[in-house]
Amino acid sequence: MTLKISEKDDNSYKKTAEIIKTGGIAIVPTETVYGFAVDAFNMEAQKKIYKIKKRSLKKPLILMATNIDSVKLLVEIPKKALAIAKRFWPGQLTLIFPTTELGKIVSGGRNDIGARIPNSEFMLNLLKEVDRPIFTTSVNVSNKKSAKNINETVEFNGIVDVIVDGGQCKFSLESTVVNMVQFPYVIIRKGCLNTDELLKYV
């Protein structure tokens with residue numbers, strides 16, 4: 001049975017965090033699109049997301065954390081890239097970095113991971129409450145459109161452990177993605193962050 005709560009409810013992020021910390025799968029609203037969220041250190045929970053989305057295991061999940069120090073647990077951030085992260089985080093920018101040794105372990109041996117600090121009050125509260133990074137990916141079946149409002153998450157009711165109702169996502173568009181594994185950096189997905197502003201730093 002899926003617990004359904006509003007992000008405006010008292011302690012909504014605490015209830016969601018408890019489910020994530022005990023291995024559950026949450027659907028959460030971000031400022032971009034709705035996302036599946038699991039404990040980054042729980043490999044079984046990660047596998048469940050792939051099964052639910054019918055997603056290829058070759059496609060990585062996205063790391064979310066509450067601050068840059070937490071991100072650095074799992075990825076290595078080059079000096080130049082650090083300036084960009086500090087400029088645009090929290091925000092609608094996903095940056096791909098090389099993994100640390102711990103990052104390789106929790107991501108199934110991947111050499112790089114995309115990371116983001118979201119600019120969402122609910123998500124930042126959730127991340128602080130979980131007190132460790134989480135892995136996320138958009139709420140959809142692979143190759144389908146991402147859920148941008150609560151009504152587009154209904155097909156996963158009864159499948160995930162909790163759905164948090166945040167109404168319509170503020171931007172309703174995926175984050176911009178930049179590969180920063182090596183220089184020159186490459187914008188690999190244009191999203192809701194203005195790339196003209198980003199190019200000044202890339």
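Are E31 and R116 buried or exposed? Select the two together and you have the first stop: E31 is buried, and R116 is buried too (buried means under 20% relative accessible area, exposed over 50%, partly exposed in between, with a 1.4 Å probe and protein chains only).

Before moving on, a word on the model. It is a predicted one, where local features need pLDDT of at least 70 and side-chain atom pairs count only at pLDDT 80 or more, while totals for chains, interfaces and linings use all residues. Residues are numbered from 1 along each chain as its sequence is written, and side-chain values use heavy atoms, leaving out hydrogens and water.

**Salt bridges**

Stay with E31 and R116 and display their side chains: they form a salt bridge, with the closest N and O atoms 2.8 Å apart (a side-chain nitrogen of Lys or Arg within 4 Å of a carboxyl oxygen of Asp or Glu). E31 sits in the loop between β2 (26-29) and β3 (34-39) and R116 in strand β6 (residues 112-116), so the pair ties together parts that are 85 residues apart in sequence. Helices (H or I, at least four residues) and strands (E, at least two) are DSSP runs, numbered from the N terminus.

Next, select D39 and R132, whose side chains meet in a salt bridge at 2.8 Å, N to O. Because D39 belongs to strand β3 and R132 to the loop between α6 (121-130) and β7 (134-138), this pair links parts 93 residues apart in sequence. D39 counts as buried at 5% relative accessibility, whereas R132, at 33%, counts as partly exposed.

Now go to helix α2 (residues 43-53), where E44 and K47 lie three residues apart, about one turn of the helix. Their side chains meet in a salt bridge of 3.4 Å, N to O. K47 is partly exposed, with a relative accessible area of 48%. The count of salt bridges comes to three.

**A cavity**

Which residues line the largest cavity? Select Q46, Y50, P60, L61, S107, R110, I113 and F135 to see the lining. A cavity here is a set of points, on a 1 Å grid over the protein atoms alone, where a 1.4 Å probe fits but cannot get out; lining residues have an atom within 4 Å of a point. The volume of the largest cavity is about 50 Å³, and the count of cavities of 30 Å³ or more is one. Colour the lining by type and you will find five nonpolar residues, two polar and one charged.

How values were computed
1 Å grid on protein atoms, 1.4 Å probe; cavity = no way out; pocket = protein on both sides within 12 Å on 5 of 7 lines; lining within 4 Å. Points joined across faces, edges and corners; volume = space filled by probe spheres on them. Nonpolar A, V, L, I, M, F, W, Y, C, P; charged D, E, K, R; others polar.
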